[in-house]
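The sequence and structure are shown first.

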Amino acid sequence: MSRLKIFSLGLLIIGVIICLIGLARTYFHNDATPPVITMEEDTIAISVSDDESAILQGVTAADEKDGDVTDRIVVSSLTPFVGDEQAERIAVIAAFDSSNNIAFAKRSVTYSDYQPMKFSLSQPLRFPVGDRTSGAWVDDRGELLLQATDCLDGDISSQIQYLGMDAVDSKAPGVYSFTVHVSNSAGDVEEFPLSVEYYDPKEASNLPRVELEEYLITINAGEEPDLEDLITGVTFRNTELEIGPRTDLAAGTFYDEQVSVDDSDVDYDTPGVYEATYRAAYAGDKDEEEVSGTVRLVIIVR
Ligand SMILES: [Ca+2]
């Protein structure tokens with residue numbers, strides 16, 4: 001035999017041996033059977049503060065070949081909320097054996113302490129014409145005025161979408177409606193109308209303006225908050241004034257009766273988003289024409 005033939009025969013023999021070893025491994029070690037997942041209950045209630053491992057409480061997995069593979073169970077996916085009634089999601093649970101066979105099981109996950117998103121507004125949405133035209137309005141420090149907090153995701157203010165801003169003409173004085181839209185990682189959506197006011201700074205500079213502790217409150221249907229409690233003072237001619245009774249002749253007082261709240265558009269019994277209007281009116285001593293300024297409070301009724 002030529003040396004080439006011997007070499008080729010050698011290669012062939014080596015190839016056959018490798019094949020035989022492979023076949024033998026497959027024959028003796030092949031595991032094509034996935035583990036079996038067992039759970040005490042196919043539903044579980046967890047807290048919004050729990051991490052995903054809480055979903056696996058009471059779930060075990062056993063494999064024909066590997067034995068107990070409970071430490072090889074993971075949450076493979078978690079759907080957004082399903083159904084309307086409660087905060088329910090479906091988790092897909094996966095268990096692996098050492099040959100990477102996978103078993104799947106579904107588990108219904110509910111949150112025992114889920115809360116709707118919370119909103120706050122640190123300043124009224126009220127700007128001089130031509131100023132802060134963006135929609136995602138910020139204060140002087142660059143903080144978003146409208147803030148949203150979610151029990152699952154934390155601060156989601158930066159994810160708020162301002163819809164319908166095409167209709168807002170920040171160059172022309174007026175009150176314009178737009179829509180706030182925000183969703184969390186579980187697919188829960190909050191969407192409601194708000195309004196923004198652009199005013200003529202020349203006209204507004206001499207108007208009294210009511211200052212509030214906050215400019216958006218959330219209450220439960222049936223509650224009736226004391227809206228006057230939110231008033232912290234009045235700004236008039238660039239001066240912050242206390243509000244007090246007319247008999248209090250101390251300088252720097254804006255009288256009680258000069259401030260009023262109109263909440264006639266608010267239906268405290270029906271969930272929705274409403275606005276109440278605070279008005280501060282001033283008439284000078286010498287038969288001056290009364291001037292008044294308004295500010296709006298957003299009331300979310302849950
Ligand atoms: Ca197996």
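The sections below cover the basis of the model, its cores and the sheet.

## Basis

This is a predicted model, in which local features need pLDDT of at least 70, side-chain atom pairs count only at pLDDT 80 or more, and totals for chains, interfaces and linings use all residues. Residues are numbered from 1 along each chain as its sequence is written.

## Nonpolar cores

A nonpolar core is a set of buried Ala, Val, Leu, Ile, Met, Phe, Trp, Tyr and Cys residues joined through C-beta atoms within 7 Å. The largest such core holds 23 residues, and those touching the most other members include Leu-212, Tyr-278 and Leu-297. Among the strands (DSSP E runs of at least two residues, numbered from the N terminus) that each supply at least two residues are S13 (174–183) and S21 (272–282). S22 gives the most, with 4 residues.

A second, separate core of 9 residues includes Ile-37, Val-59, Ala-91 and Val-109.

Four strands form an open sheet of mixed pairing in the order S2-S7-S6-S5. S2 (43–46) and S5 (73–78) each have a single partner strand, so one side of each lacks a neighbour in the sheet. S6 and S7 (residues 102–111) pair in the antiparallel sense over 9 bridges; pairing requires at least two DSSP bridges.

Ile-93 is found in S6 (residues 88–96). Ile-93 counts as buried because it has 20 C-beta neighbours inside 10 Å; the cut-off for buried is 20 or more other C-beta atoms within 10 Å, with C-beta atoms placed from the backbone. Beyond four places in sequence, the contacts of Ile-93 (C-beta atoms within 7 Å) include Ile-37, Val-59 and Phe-104.

Note on methods
A residue is buried if 20 or more other C-beta atoms lie within 10 Å of its own, exposed if 12 or fewer, and partly exposed in between; C-beta atoms are placed from the backbone. Two residues are in contact if their C-beta atoms, placed from the backbone, lie within 7 Å.
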